[in-house]
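Colleague: I'd like to go through this one slowly, asking where each word comes from. Could you put it up for us?

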Amino acid sequence: MSEIPGARAELNRLGRSLREQLVALITDLTPGADLGLLFLDDPLVADWHDPLRYHFSALFRGERPATVPAAEIASRAAVLLDAAGWDVTTSEAQQDGKRATMVLARRDGNAIRVGTGDHTSAVMFSGRTPALALRAPKPFQWPEPVLTPEAVTPGHVLCYECDGLGWCPSCGGRGWRPSEPHGRARCSECFGKKVCPICRGGGDLAVSDLSDYQRGYYPELE
Ligand SMILES: [Zn+2]
Ligand SMILES: [Zn+2]
């Protein structure tokens, strides 16, 4: 599969921009938080449909200082994000008679949420970049068989399950099959092992090892 020119650089740029903003927010709103726990180093698969789409995403928990009310954290978050050019919306909800506030901000396709409330000392930060495809889609090509009928050695027969393919005949050696709604599901024949579950990848079976049931596939042996 061929890389889409510039896609990886664009995703990395969005990821760096997201990290910078999250670090600035966390440092300001929950001083003393361990930024080593902010994991934003590798893009993750956001959508398993072909072509795979990747994004950076992170969830971080900080603690608000005991002297600062939750409402003040939320309004400060909104001010900081607005000043940095983000589109900010704030929503409030009542939870057991206490107020919870969510600040949602968007910029350049990136999204950040800051959640806080009177019921907790936690300030939850989350962020994600948009999901980008890094490679062009490519139709699946079945692998070549590992064994042809002519190459079967004496005392062996071509595997009845895969006819010499060797790879799992259900998924073609990918270990997964296209599936909705998530795009992929683990192959129910090989359970992700990729090779044919009967011949375990060899493409053939020893006649002496065949069970009575398996011999039923080879009437020429009788
Ligand atoms: Zn399979
Ligand atoms: Zn097989």
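This is a predicted model: local features need pLDDT of at least 70, side-chain atom pairs count only at pLDDT 80 or more; totals for chains, interfaces and linings use all residues.

Colleague: Where is Gln 21 found?

Modeller: Gln 21 sits in helix α1. Residues are numbered from 1 along each chain as its sequence is written, chains are lettered from A and ligands numbered from 1 in the order in which they are written, and side-chain values use heavy atoms, with hydrogens and water left out.

Colleague: Why is Gln 21 called buried?

Modeller: Buried means under 20% relative accessible area, with exposed over 50% and partly exposed in between (1.4 Å probe, protein chains only). Gln 21 has 10%, so it counts as buried.

Colleague: Which residues does Gln 21 touch?

Modeller: Leaving out residues up to four places away in sequence, Gln 21 touches Leu 81, Ala 84, Trp 86, Arg 107 and Ile 112. A contact needs heavy atoms within 4.5 Å.

Colleague: What is the order of the five strands in the open sheet?

Modeller: The order is β3-β7-β6-β5-β4, with antiparallel pairing. β3 (57-63) and β4 (87-95) are at the edges with a single partner strand each, so one side of each has no neighbour in the sheet. From one strand to the next, the twist averages 15 degrees. Helix α1 (residues 7-29) packs on this sheet, touching β3, β5, β6 (110-117) and β7 (122-128), and its direction makes about 20 degrees with that of β6. Those directions are lines fitted to C-alpha atoms, for helices over the stretch in contact, with angles from 0 to 180 degrees between N-to-C directions.

Colleague: What makes β4 and strand β5 a pair?

Modeller: Two strands pair if DSSP finds at least two bridges between them. β4 and strand β5 (residues 98-107) have nine, in the antiparallel sense, so they qualify. As an example, Thr 89 has Leu 104 in β5 as its bridge partner. β3 and β7 also pair in the antiparallel sense, over seven bridges, and Leu 59 stands opposite Ser 126 in β7.

Colleague: Which side chains of β3 point to the buried face?

Modeller: Ala 58, Phe 60 and Gly 62 point to one face and are buried.

Colleague: What makes something a nonpolar core?

Modeller: A nonpolar core is a set of buried Ala, Val, Leu, Ile, Met, Phe, Trp, Tyr and Cys residues joined through side-chain atoms within 4.5 Å. The largest one here has 25 residues, and those with the most contacts inside it are Leu 22, Ile 112, Val 114 and Phe 125. The elements giving two or more residues to this core are α1, β3, α2 (70-83), β5, β6 and β7. The most come from α1, with seven residues. A second, separate core of 11 residues includes Tyr 160, Cys 162, Leu 205 and Leu 210.

Colleague: Which residues coordinate the zinc ion (ligand 1)?

Modeller: Cys 168, Cys 171, Cys 187 and Cys 190 do, each through SG, at 2.3 Å. Donors are N, O and S atoms within 2.8 Å of the metal (3.2 Å for Na, K and Ca), and water is not among the atoms, so sites may look incomplete. The spacing in sequence is C-x2-C-x15-C-x2-C. Cys 171 lies in the loop between β9 (156-158) and β10 (176-179) and Cys 187 in the loop between β11 (183-186) and β12 (204-206), 16 residues apart, so this pair links distant parts of the chain. Both Cys 171 and Cys 187 are buried.

Colleague: And why is the arrangement around the zinc ion (ligand 2) called tetrahedral?

Modeller: Four donors count as tetrahedral if all angles lie between 85 and 135 degrees. Around the zinc ion (ligand 2) the four donor atoms subtend angles of 104 to 117 degrees, so the arrangement is tetrahedral. Its donors are the SG atoms of Cys 159, Cys 162, Cys 196 and Cys 199, at 2.2 to 2.4 Å.

Colleague: How do you know that Cys 159 counts as buried?

Modeller: Its relative accessibility is 0%. Cys 199 counts as buried too, at 11%.

How values were computed
Helices (H or I, at least four residues) and strands (E, at least two) are DSSP runs, numbered from the N terminus. Four donors count as tetrahedral if all angles lie between 85 and 135 degrees; four count as square planar and six as octahedral if opposite donors are over 155 degrees apart and all others between 65 and 115; anything else is irregular.
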